[in-house]
Amino acid sequence: MTQAVALTAADARRDIPRCLAIVPAYNEEASISEVVFEIRDFDPSLEVLVVDDGSSDATAACAAEAGARVLRLPLNLGIGGAVQAGYMYALERGFDVAVQVDGDGQHDARELRLLLEPVLAGRADMAIGTRFSGPRAYRASLARRMGIGLFATLVSIRVRQRMTDTTSGFRAVNYRGIRLFAADYPHDYPEVEAVVTAARGNLRVCEVPVLMRPRAAGQSSITAFGSFYYVVKVLLALFVGLFPRQSLVTDE
C-alpha cells in the first residue's frame, strides 16, 4: 500500500507543469531583489532565472542573494538577446511553461495568476499582459498612446486578431512557445516583433488585462533620442514581416 501511494504521488508530480520565470536585467541592482522576492512569494515552486545582460553593477549578486538562478552574459546583447538566452535555458532544461517578467519592477507578480491561466488551461500558447484593456486600463500620455496604438493596429492586421498592447514584455508561453522563441526571437526592441513571430509560428495568442506599475528604479532602454529609431525600426520589421517565410519551428 505504501508503494502504491508513493507511485501515485510521483505520477502527480509529473503532471504539474514545470514553470520558469525569465527575468532579463541590465543594471537593475536597485529593483531586482524585490522582483525575485515577489515572484517567489507568488509561487515558491516557480524557478526564477535572472539573465544578467552584461550589467556593470551588482545586478547578478543581488539576484543570486534573493534566491534566483543567474545566467550572466559576457556582454550586453540587448533585451531580445537576453530573453532568447532565457528561452534556450528553458528548452534545454525541459520546462513546460515560461513567463517573462521585467527586472525593473513594473510587472506585479501577483498578476501572473491571470497571465498563466489561459496557457495552463490549454486555451492559448502565448498570453500577453495588456495595460490597455479591462476595468483597470492604464492611461498613457497622448504621444505614447499614439505610438502604441499604431503598432497595435499594424500587428492586429498582420496577425488577424485585435491586439491592444504589443509593447508589453509581461508574457507567458507553453512548450511550443519556448521551442519557437529559443530558435527564433527578435533582438532589437523585440516585443512588437515577437507577436508577429508567434503568429508566424502558428501559436495561439491572447491578451489578458493586467495591472502594471511605474518603474521601481533605473531608466527605460528607450531614450528620447532612441524613440525615433525605435519607431522606424519596428515599422520596418513589421513591413518585412508582411512577407511570409518558413518558420524555424514546425509542429510535431
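**View 1. Burial of helix H4 in the predicted model.** In this predicted model, helix H4 is mostly covered, with ten of its 14 residues buried. The buried positions are Gly 80, Gly 81, Ala 82, Val 83, Gln 84, Ala 85, Gly 86, Tyr 87, Tyr 89 and Ala 90. The elements that cover these buried residues include the strands S1 (19-25), S2 (47-52), S3 (69-72), S4 (97-100) and S6 (171-173), together with helix H7.

**View 2. Extent of helix H4 and the residue that follows.** Helix H4, which spans residues 79-92, has 14 residues and reaches 20 Å from its first C-alpha to its last, a span close to the 20 Å expected at 1.5 Å a residue. After the helix comes Gly 94, whose phi is positive, near 70 degrees.

**View 3. Crossing of helices H4 and H7.** The axes of H4 (residues 79-92) and H7 (residues 175-183) come within 8 Å of one another and cross at roughly 125 degrees. Because of this angle, H4 is oblique to H7, and the crossing of the two helices is left-handed.

**View 4. Residues at the contact of H4 with H7.** On the H4 side, Gln 84, Tyr 87, Met 88, Ala 90 and Leu 91 take part, and they meet Tyr 175, Ile 178, Arg 179, Phe 181, Ala 182 and Ala 183 in H7. Taken together, the residues of this contact divide into nine nonpolar, one polar and one charged. Among the H4 residues shown here, Gln 84, Tyr 87 and Ala 90 also belong to the buried set of the helix.

Technical notes:
Residues are numbered from 1 along each chain as its sequence is written. This is a predicted model: local features need pLDDT of at least 70, side-chain atom pairs count only at pLDDT 80 or more; totals for chains, interfaces and linings use all residues. Side-chain values use heavy atoms; hydrogens and water are left out. Axes are lines fitted to C-alpha atoms, for helices over the stretch in contact, and angles run from 0 to 180 degrees between N-to-C directions. Helices (H or I, at least four residues) and strands (E, at least two) are DSSP runs, numbered from the N terminus. Angles under 35 degrees count as roughly parallel, over 145 as roughly antiparallel, 65 to 115 as roughly perpendicular and the rest as oblique. A crossing is left-handed if the near helix is turned anticlockwise from the far one by less than a right angle, and right-handed if clockwise. Contact means heavy atoms within 4.5 Å. Ala, Val, Leu, Ile, Met, Phe, Trp, Tyr, Cys and Pro count as nonpolar, Asp, Glu, Lys and Arg as charged, and the others, Gly among them, as polar. The expected span of a helix is 1.5 Å times one less than its number of residues. Buried means under 20% relative accessible area, exposed over 50%, partly exposed in between (1.4 Å probe, protein chains only).
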